[in-house]
Amino acid sequence: MSGFLVKKLLSALTIVVGVTFITFCLFHIVGGDPALHYAGKNASPEVVQSLRHELGLDKPVVTQYFIFLSQAFTWDWGTSWSNHRQVTQLLNDHIGASLTLTLPAYTLSVVLAVLISLAAALRKDTFVDRGLLHLCFILMSISFVVYVVFAQKIFAFDLNWFPVYGWDTSWIYRWSYILLPCFIYSLAHLPPKVLLFRAALLQELEKDYVRTAQAKGLSTYTIYSIHILKNASLPIVTLVMSQLPTLITGSVLLEAYFGIPGLGGLLLNSIQSSDLPVIKALTVVGSLFYIVVQLAHDLIAAFLDRRWELT
Amino acid sequence: MSSLWLVFFFTLSAMLLPSCVPQQRRADNTMYSYVREHIHSLDPIHSHDLFSHQMAAQVYEGLYHFAYLKRPLEVEPLLAETLPQISADGLTYTIPLKKNIYFHDHPSFPQGKGRLFVADDFIYSLKRLADPKNRSESFWVIENKIAGLDTWRTQGAHYDQNISGLIALDSHTLQIRLTKPNFQFVQSLTMAATYVVPHEAVEYYAAEFGTRAVGTGAFLLQQWLPGSQLIFVKNPHYTSLTYPQEGTAKDETLGLLKNKGQTLPFIDRVVVYEIPEAQPQYLLFVKGEIDLLMPQKDYQDAFIEHGQLREKLHEQALLLELPPGLDVTYIGLNNDNPFLKNKKIRQAFSLAFDRPFIVGQYYNYLAQPAHGPIPPGIDGYDSQRHTEFSSFDITKAKKMLAEAGYPEGRGLPEFHYEIPSTHANARQLAEFFKQQLQQLGVRVRLNANTWPQFNDKVKKGKADIFDYAWNADYPDAENFFQLLYSKNRSPGPNAVSFNNKKFDELYEKALTLPPGPVRTQLYGTMELLVMEECPWIFGVHRLRPLIKHAWLLNHKYEIMIPDNIKYLRIDQNLRASWKGLNP
């Protein structure tokens, strides 16, 4: 176990260094000159140069990279170049809104996907199964923006079931603003999960132990809910956990259309305005979250399947 | 099983019930508005974009602002008592300040009571703007203009050191000494960067000051949820201004002078949503949940037909305003490029550009063709001013190109046209321009860039051809001409590196002239010269269509007047009855 943890720690370090390096290089290739952007449209060359100094952009590139690395380890990202607030404060302010949207929405989509895929697998090759498959393919071919635009127009505007736009600091009112975006997110993320979960369940269905259980006279409900679902849970958990890191950055489109002050909008703004401190912090947060989720996945997988080795 | 359904039903009801509540909260004296970009900061020295400026202007005030109803725009005192007394050499400005202005009540002041605004507050605010540690995007507003300020900045920006050009003669009299005469300086003092902030609040909030706001303005910031919405409430002690006594003749007819002389503001509460997408803006407006809308291109057709409000919308109590945008769009031609340096090639390109087609096709007739840099509404603009290169004439364009030594475009390289990839309109216009030049035999390659890349190429003079627009910082033609002054070449605002000795001389002369007929005439001469030289292909001057519900009273939109909310009123009965008819 300790060997596993040491190995994971080393792998985490490699990932963080790799991510910081790629982010840094990409920013210097496509990020433009932030000093020109932030000096203002009428700034003189002297002011641009002075700002370059203030932002630390006149330091050698290698030094700038090591400052970035040290920030990742000390968790001091300095102030945003765009809105001049402490980056850690910005993350704190926005991460809650992102997770308020994505966590329940993702959970809902996983629960629904398991139920629907079970229903499809139980009725394999029937009208219901084929209908669900076709519906999934149709839903997957629709762009996410179409879901957002139509759902907002129909459910919030035409039917008046939800507010069109807004947010509230109060949790009681916030739910009213979150419900529709949550449903949209769940629905749009449902079809690929259903297909994958169904495939995993059907794979298990072909195995000998299912035939044995059927021969022993166990009910279909018991076979599916206890045996098949348990054995198929490993690929399901793998898929679910592989998507977890994306939850933290929220959903740029949903945030923009519904007024949710999450990290997605913050990330988009920071890219558009060359706000390197925020970009750096968000990429490192994303990679750390990925590392933690991978670790959790390995532990859960070992619990679910004893053949899984923690090496 | 039935009990499970009951639990499900009650849970769902409990979740959906609150969705009705926000709409019930709309029957009060509250204005609902929006901005179409996220607000970066409410700190005046960082409120450099249009929308942050608008929000900061509800809370903060400067020494001057533009009169709400007068057109052409006219500077009038806000925190200042009168317009400045300017010395004969044009260098010393003496400004008496109003003596009864208090900052908002706030815990940063002793006993939480807002203190009296004094001359030192303005000096402190300008020092903050100049302090390099604050990294203001707007330092250019005062750069090289005030005696001693730039030296103070480079020598460490110590706040306890005095600046020779910024003196408080007494608690309510300021003296500003300029480095050279500058007749645009008073207009600079209307800009957000020079708004007055109290040092107590800046120190109290430190790095978070940009998310709070403590000023002398008509509204207090109650709440800001960055990325979502801002809520302002009425400042009950507001005394800086009353409703204007004068306006244009049309204002009288439109009922804009009914409240003259009355205490401001009229509205108790203002909710401003940050809505970057066009659809929610449109839906909220049609539902009556925001009071006005500046429809984005895809939604303009729903309201406007050939520059008029659609007939059926009059019945829905909607009104249209079409103020000029005080801007110019243009295609920049980099004068450092060995081919684009050739005036005849630039003139040929200008002749190949069909502006009236652009106005109809890309702007829904909500713009007018630009023949020069000065937009309508600014002194020096003349709609009759034309040169032979202002019109669309492909035959003549081909002739010019042949005269330049490149008949049918032979011998010319493929030009690179830089566009920001996020702007759909810029992409469409670039495609159109490419097709137009193909008629001359000129090849153009479109390069899509991220916004930072695009900005970088333009500012560093690396773009041969690029699409750009300039919105006035202050309503003076000088603000447009400075974009062509050779000493402002890249990385300064002269992104095309235009270099014309005669133009430079005229520009320098114009800077020394006070507003008046002589300067206006000089601006005309300068514009003609630029129209002849074609450093840009002039595009259009845009209008800013604004649709409002009839319950929003006293509204007269002008981009240069960001502090307009204090003049507005809501006819609550009309809004309630409209809501009854359009639930």
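Is Cys182(A) buried or exposed? At 6% relative accessibility, Cys182(A) counts as buried, where buried means under 20% relative accessible area, exposed over 50% and partly exposed in between (1.4 Å probe, protein chains only). Cys25(A), at 28%, counts as partly exposed. A search of the whole structure finds zero disulfides over all chains, a disulfide being a pair of cysteine sulfur atoms within 2.5 Å.

A word on how to read this: the model is predicted, local features need pLDDT of at least 70 and side-chain atom pairs count only at pLDDT 80 or more, while totals for chains, interfaces and linings use all residues. Residues are numbered from 1 along each chain as its sequence is written, chains are lettered from A and ligands numbered from 1 in the order in which they are written, and side-chain values use heavy atoms, leaving out hydrogens and water.

**Where the chains meet**

Chain A and chain B each bring 58 residues to their contact (heavy atoms within 4.5 Å). About 5000 Å² is buried between them, with carbon and sulfur atoms giving 58%; this is the accessible area (1.4 Å probe) that two parts lose on being put together, summed over both.

The interface holds two salt bridges, each a side-chain nitrogen of Lys or Arg within 4 Å of a carboxyl oxygen of Asp or Glu. In one of them, Asp33(A) pairs with Lys460(B) at 3.6 Å, N to O. Asp33(A) lies in the loop between helix H1 (2–30) and helix H2 (34–38) of chain A; helices (H or I, at least four residues) and strands (E, at least two) are DSSP runs, numbered from the N terminus. Asp33(A) is buried, at 11% relative accessibility. A network of salt bridges links Asp33(A), Arg52(A), Asp456(B) and Lys460(B).

Over all chains the count is 35 salt bridges. Here are some from chain B:

| Pair | N to O distance | Residues apart |
|---|---|---|
| Asp327(B) and Arg544(B) | 3.7 Å | 217 residues |
| Glu403(B) and Lys344(B) | 3.4 Å | 59 residues |
| Glu533(B) and Arg346(B) | 3.3 Å | 187 residues |

Asp327(B) is buried, with 0% relative accessible area, and Arg544(B) is buried too, at 13%. Glu533(B) and Arg346(B) are both buried. By contrast, Glu403(B) is partly exposed at 43%, and Lys344(B) is partly exposed at 32%.
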